Amino acid sequence: MSATELPLIGDYSTPSTALSGARIGVVTFPGTLDDRDATRAIRVAGAEAVSLWHADADLQNVDAVIIPGGFSYGDYLRAGAIARFAPMMDKIIDAANSDAKLPVLGICNGFQILTESHLLPGSMVKNDHLKFLCRDQVLRVENNTTAWTNQYAQGEEITIVLKNQDGQYVADEKTLDALEAEGRVAFSYVGWNPNGSRRNIAGITNEAGNVVGLMPHPEHAVEAGFGPDHTGTDGLGFFTSVLTHLVGGQK
Amino acid sequence: MPRIVVDVMPKPEILDPQGKAIVGALPRLGFTAFSLVRQGKRFELTVEGEVTEEILAQARTAAETLLSNPVIEDVVNVEVVAD
């Protein structure tokens, strides 16, 4: 643990040898905000976090990658539009599309970067009500067979934090029909659509299930005392899912 | 120095939340003749020297790859403006 990392609070079981060997990269762009929380979530889940700088072109042999939230390049032009052309993104796009199918999770701004990269279809535009919104949001797990969702039950409802201004998921009708028909809607909003997203879509997956993007933030809901309602740890399943996937335990 | 102007608009089928907010504000100022507002983006690319066909082609490619996202936006105009 480096001196700049806060110690983990609470008692965590010692991860098994197979799991503790996993190395998960977290990409930092200029304007990224949530890389520290993503790093922490990885460590809470029992894996090793590896910092990846956007301008480097070396994935450092990581087993999976998280593209965290924030406002890369100030969201100038469009959210994620400039970050998408970073050298590190070229490597991630190649690795995600390769036979090895590198697991990639994009959270919030990371989701926007994945759509700009065409790793995931559609795009995000400004919330229909135009305001920045921060709230505890209920989601339904619509696909529990991806690299990042296999530790959830199908149809399980989880509460994690949603915080964004450009969170309205849009795609043409044909794409939306295909996403629903192929089970590629990974998460949907429950109770209230907070941003006008088409068909209440909160997150989607690619065909292979290795690339997942969503607007809400699982990395903020991994430790009792800090998550929604100060107790919620519903986001931890993303990180234990990818570890399970990496040791071959995917459903 | 000459500039290449690139105009980008949200696709017609994408609801433009910014335009919607503006159209709501217009009548409050007494501008009641406008039923719809759509907000786009104008880019001005300054060129040192002459705008050749090749430079113009570069601008068109840049407009389609970086300046706009074809999922939600259309490039509606690319033209040279001389000062």
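How many helices and how many strands does chain A have? Chain A has 6 helices and 11 strands, where helices (H or I, at least four residues) and strands (E, at least two) are DSSP runs numbered from the N terminus. The model is predicted, so that local features need pLDDT of at least 70 and side-chain atom pairs count only at pLDDT 80 or more, while totals for chains, interfaces and linings use all residues. Residues are numbered from 1 along each chain as its sequence is written, and chains are lettered from A and ligands numbered from 1 in the order in which they are written.

**The two chains**

The radius of gyration of chain A is 16 Å, close to the 18 Å that the globule rule gives for 251 residues, so chain A is as compact as a globular protein of that length; the radius is taken over C-alpha atoms, and the globule rule is 2.2 Å times the number of residues to the power 0.38. Chain B has 2 helices and 3 strands, and from the N terminus on its elements follow the order β-α-β-α-β. For chain B the radius of gyration is 16 Å, well over the 12 Å that the globule rule gives for 83 residues, so this chain is more spread out than a compact globule.

The table sets out the share of buried residues in each chain; a residue is buried if 20 or more other C-beta atoms lie within 10 Å of its own, exposed if 12 or fewer, and partly exposed in between, with C-beta atoms placed from the backbone.

| Chain | Residues | Buried residues |
|---|---|---|
| Chain A | 251 residues | 55% |
| Chain B | 83 residues | 17% |

Along the principal axes, the C-alpha atoms of chain A fill a box of roughly 45 × 40 × 35 Å, and the C-alpha trace of chain B spans about 45 × 30 × 15 Å. Two residues are in contact if their C-beta atoms, placed from the backbone, lie within 7 Å. Among contacts with a separation of 6 or more, residues 24 or more positions apart account for 74% in chain A and for 73% in chain B.

**The sheet of chain A**

In chain A, 9 strands form an open sheet with mixed pairing, in the order β2-β1-β3-β4-β11-β10-β9-β6-β7; two strands count as paired if DSSP finds at least two bridges between them. Its edge strands are β2 (48-53) and β7 (157-164) of chain A, each of which pairs on one side only. The twist averages 25° from one strand to the next, with axes being lines fitted to C-alpha atoms (for helices over the stretch in contact) and angles running from 0 to 180 degrees between N-to-C directions.

Strand β1 (residues 23-28) of chain A is joined to β3(A) by 3 bridges, and the two run parallel; here Ile24(A) stands opposite Ala64(A) in β3(A). Strand β3 (residues 64-67) of chain A also pairs in the parallel sense, over 3 bridges, with strand β4 (residues 104-107) of chain A. In β4(A), Val104(A) is the bridge partner of Val65(A), and Gly106(A) stands opposite Ile67(A). Both faces of β3(A) are covered, with Ala64(A) and Ile66(A) buried on one side and Val65(A) and Ile67(A) buried on the other.

Not counting residues up to four places away in sequence, Ile24(A) touches residues including Ile42(A), Ala47(A), Val62(A), Ile66(A) and Val242(A).

Chain B holds an open sheet of 3 strands in the order β2-β1-β3, with antiparallel pairing. The edge strands are β2 (41-46) and β3 (73-81) of chain B, and the twist averages 20° from one strand to the next. Strand β1 (residues 3-10) of chain B pairs with β2(B) over 6 bridges in the antiparallel sense, and Leu45(B) in β2(B) is the bridge partner of Ile4(B).

The contact between the chains takes 12 residues from chain A and 8 residues from chain B. On the side of chain A that touches chain B, the residues divide into 5 nonpolar, 3 polar and 4 charged, where Ala, Val, Leu, Ile, Met, Phe, Trp, Tyr, Cys and Pro count as nonpolar, Asp, Glu, Lys and Arg as charged, and the others, Gly among them, as polar.
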